[in-house]
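Here are some notes from going through the model with you in mind. Have a look at the chain first, then read on.

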Amino acid sequence: MRALNAAGLQTLADVAGRPRDEVAALHGVGPAALRALDGALDAAGLRFAQR
């Protein structure tokens, strides 16, 4: 959460507005966090942005 907040991503919609590889590059965002984000985005009907 700290890594996302530091990048200005406070909501799932904010996260969905960024490409997955950009979020993955944030310090502190690893494979487990990406799996959690994938699940949360899917549950909300959202997806990472495409490049």
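1. Where is Ala7 found? Ala7 sits in the loop that joins α1 to α2. Its relative accessible area is 25%, so it is partly exposed (buried is under 20% relative accessible area, exposed over 50%, partly exposed in between, with a 1.4 Å probe and protein chains only). Setting aside residues up to four places away in sequence, Ala7 touches Arg18 and Leu26; contact here means heavy atoms within 4.5 Å.

2. A word on the ground rules. This is a predicted model, so keep in mind that local features need pLDDT of at least 70 and side-chain atom pairs count only at pLDDT 80 or more, while totals for chains, interfaces and linings use all residues. Residues are numbered from 1 along each chain as its sequence is written, and side-chain values use heavy atoms, with hydrogens and water left out.

3. On the overall fold: the protein has 4 helices and 0 strands, and along the sequence the pattern reads α-α-α-α. Helices (H or I, at least four residues) and strands (E, at least two) are DSSP runs, numbered from the N terminus. The C-alpha trace spans about 25 × 20 × 20 Å along its principal axes. For 51 residues, a compact globule would have a radius of gyration near 10 Å, and the protein agrees, with 10 Å (taken over C-alpha atoms; the globule rule is 2.2 Å times the number of residues to the power 0.38).

4. Surface and contacts. Of the 51 residues, 24% count as buried. The protein exposes about 3,500 Å², and carbon and sulfur atoms supply 53% of that; the areas come from the Shrake-Rupley method with a 1.4 Å probe, and for residues only the protein chains shown count as cover. Take the contacts between residues at least 6 apart in sequence: 55% of them join residues at least 24 apart.

5. Now for α4, which covers residues 31–43. This helix has 13 residues and reaches 18 Å from its first C-alpha to its last, close to the 18 Å expected at 1.5 Å a residue (the expected span is 1.5 Å times one less than the number of residues). Leu34, Leu37 and Leu41 are buried in α4. They cover an arc of only 60° around the axis, which puts them on the same side of α4; the arc is that of the directions from the helix axis to the C-beta atoms. An α-helix has 3.6 residues a turn, so residues three or four places apart point the same way.

6. What do the buried residues of α4 pack against? Their partners are α1 (2–6), α2 (12–16) and α3 (20–24). On the other side of α4, Arg35, Ala36, Asp42 and Ala43 are exposed. After the helix comes Gly45, with a positive phi near 75°.

7. The largest nonpolar core has 11 residues: Ala3, Leu4, Leu9, Val15, Ala16, Val23, Val29, Leu34, Leu37, Leu41 and Phe48. A nonpolar core is a set of buried Ala, Val, Leu, Ile, Met, Phe, Trp, Tyr and Cys residues joined through side-chain atoms within 4.5 Å. The elements giving two or more residues to this core are α1, α2 and α4, and α4 gives the most, with 3 residues. Beyond residues up to four places away in sequence, Leu37 touches Leu4, Val15, Val23 and Phe48.

8. Is Phe48 buried or exposed? Phe48 lies in the segment after α4, and at 10% relative accessibility it counts as buried. Leaving aside neighbours within four places in sequence, its contacts include Val15, Ala16, Pro19, Val23, Leu34 and Leu41, as well as Arg18, Arg20 and Asp38. The C-alpha atoms of Phe48 and Arg20 are separated by 5.5 Å, although these residues are 28 apart along the chain.

9. Two last residues to look at. His27 is in the loop between α3 and α4 and is exposed, with a relative accessible area of 78%. Its C-alpha is separated by 6.4 Å from that of Ala3, 24 residues away along the chain, and by 9.9 Å from that of Ala7, 20 residues away. Asn5 lies in helix α1 and counts as partly exposed at 38% relative accessibility. From Asn5 to Asp21, 16 residues apart in sequence, the C-alpha to C-alpha distance is 17 Å.
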